[in-house]
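Dear colleague,

I am handing over a structure that I would like you to look through before we next talk. The sequence and coordinates come first, and my notes on what was found follow them.

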Amino acid sequence: MTADTGRKYRAYPTRGQDQVLTGWGHTVRALWNVALEQRVYLWEQRRYTLRSAEQCKQLTAARKELDWIGELPAQTGQQILRTLDRAYDNFWNPGHPAGYPARKKRGNRLSIPFPGQWVEVRKLNREWAEVRLPKLGWLRFRLSRALGGTIRNATVSRDGNGWHISFGVHAERKPDAPNGKPACGVDFGVAASAFVSTETTPRLMRPTLTAHEKRRLKALEQRKARQVTYAKKYNGGKYGTRLRKTIAAIGRLRTRQANRRHDFTHKLTTDLAKNHGLIGIEDLRVKNMTKCAKGTAEKPGKNVRQKAGLNRSILDNTPGERRRQLEYKARMYGSVLVSVPPFHTSQTCAACGQVDPESRKGCGRLFACTRCGHEDDADHNASVEIEARARRTGGSDINSTRSIPRVRVPATGRRRMREASKPAHAS
Ligand SMILES: [Zn+2]
């Protein structure tokens with residue numbers, strides 16, 4: 001039994017708990033980096049694959065000698081090492097987009113995992129509940145919605161907006177019966193967030209920051225740059241209280257921005273899954289689209305600046321996350337998600353099927369077919385084409401096109417061979 005759904009609540013630690021959790025958060029980061037470095041080192045020096053079982057034993061020994069590791073709950077440390085195993089497994093899995101496990105940087109959000117059997121939740125009243133975490137005691141959180149299942153794991157995290165607790169919950173939700181609603185195709189764009197084939201106007205994400213917030217963010221960034229320069233000049237590069245305050249303010253704004261983006265994505269995907277029986281989307285590999293344009297020293301990339309801007313806007317619309325949500329929501333609301341081959345969807349005429357880049361002349365919003373003269377908004381035309389392709393597959397489930405089972409690859413000779421062929425520091 002694994003977690004099949006998640007719940008996230010805002011947590012309100014006491015001052016003491018705040019300090020303890022912050023310390024743990026940094027320990028988690030350090031432990032991950034040390035464990036990762038150890039694996040890389042052993043592989044490079046002795047061609048030896050280190051896994052969590054062995055590292056867990058070493059962790060137990062280290063806990064006795066190093067206070068800063070000893071203070072972290074043992075279960076959390078082990079959980080991190082197992083997560084590192086999974087990060088490697090995903091990297092080796094050809095069907096998984098994950099890259100090589102990355103070091104956790106200081107500026108990253110803090111996150112402290114706990115296995116489910118070590119946490120206990122009790123409700124205080126209609127609005128508040130608390131969770132007991134090992135070595136921390138009861139942590140209060142705002143019960144903004146019911147848990148609705150058995151807790152499989154818990155994670156305490158801190159971002160620019162403060163602390164949160166999220167639970168992986170096993171709700172045993174069965175897929176809904178087919179809802180019998182109409183089919184649609186969706187063209188996710190950069191400028192327009194989504195064009196649904198059954199609609200006449202694109203669904204646009206509202207700007208994630210107001211004009212005032214944008215001005216404030218710019219001013220804060222400038223202040224930060226100034227304060228960093230000052231710190232380097234007069235303070236030996238040490239960050240002072242004011243600089244930290246500026247960084248925290250920037251973090252709060254960025255978190256607000258991210259939350260608005262998530263809100264848009266959730267509303268869009270829920271609406272698509274609830275009101276359509278068949279949803280066609282393009283099978284795009286996000287990784288390839290957003291690959292850095294910088295290139296190498298011998299082969300410098302083209303249009304680096306433009307590509308960087310495009311990357312930002314693609315990531316702002318979070319295609320991978322949208323797809324993940326559509327996958328589980330379609331199952332939840334009795335809809336079927338189909339991903340279709342993306343080749344030339346923007347150059348194909350939805351009326352006659354003619355493929356011609358000339359139909360998109362002038363790179364404008366207009367699509368004008370060179371054969372039948374069909375005219376339409378280019379994105380809408382693409383969405384209709386995507387719907388047609390989705391219907392042609394007969395509504396067979398998305399899983400037939402993508403999911404290569406995420407199995408653990410055992411440390412066999414075959415794996416070692418692949419490991420040798422992939423550079424150890426590939427990122
Ligand atoms: Zn045509």
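This is a predicted model: local features need pLDDT of at least 70, side-chain atom pairs count only at pLDDT 80 or more; totals for chains, interfaces and linings use all residues.

Residues are numbered from 1 along each chain as its sequence is written.

Strand 6 and strand 7 form a hairpin with two residues between them, and Arg158 stands opposite Trp163 in strand 7. Strand 7 also pairs with strand 1 in the antiparallel sense, over six bridges (two strands pair if DSSP finds at least two bridges between them), and here Lys8 faces Ser166 of strand 7. Strand 1 (residues 5-12) in turn pairs with strand 5 (residues 137-142), again antiparallel, over two bridges, with Ala11 opposite Phe141.

Contact here requires C-beta atoms, placed from the backbone, to lie within 7 Å; axes are lines fitted to C-alpha atoms, for helices over the stretch in contact, and angles run from 0 to 180 degrees between N-to-C directions.

Elsewhere, helix 5 (residues 211-234) and helix 6 (residues 241-275) pack at an angle of about 150°, with their axes 9 Å apart. That makes helix 5 roughly antiparallel to helix 6, a label given to angles over 145 degrees. Among the residues making the contact are Leu217, Leu220 and Val228 of helix 5 and Leu243, Ile247 and Leu253 of helix 6. By class, this contact of helix 5 with helix 6 has nine nonpolar, two polar and six charged residues, counting Ala, Val, Leu, Ile, Met, Phe, Trp, Tyr, Cys and Pro as nonpolar, Asp, Glu, Lys and Arg as charged, and the others, Gly among them, as polar.

A parallel pairing occurs between strand 10 (residues 278-282) and strand 11, over five bridges, and Leu278 has Val336 as its bridge partner in strand 11. Five of the five residues of strand 11 (residues 336-340) are buried, so it is largely enclosed by the rest of the structure; a residue is buried if 20 or more other C-beta atoms lie within 10 Å of its own, exposed if 12 or fewer, and partly exposed in between. Val336, Val338 and Val340 point one way from strand 11, and Leu337 and Ser339 the other way.

Arg47, in the loop between helix 1 and helix 2 (52-65), has a phi near 55°, a positive value in a residue other than glycine, and is exposed, with 10 other C-beta atoms within 10 Å. His344, in the loop between strand 11 and strand 12 (366-368), has a positive phi of about 60° although it is not a glycine.

With best wishes

Terms used
Helices (H or I, at least four residues) and strands (E, at least two) are DSSP runs, numbered from the N terminus. Angles under 35 degrees count as roughly parallel, over 145 as roughly antiparallel, 65 to 115 as roughly perpendicular and the rest as oblique. Two residues are in contact if their C-beta atoms, placed from the backbone, lie within 7 Å.
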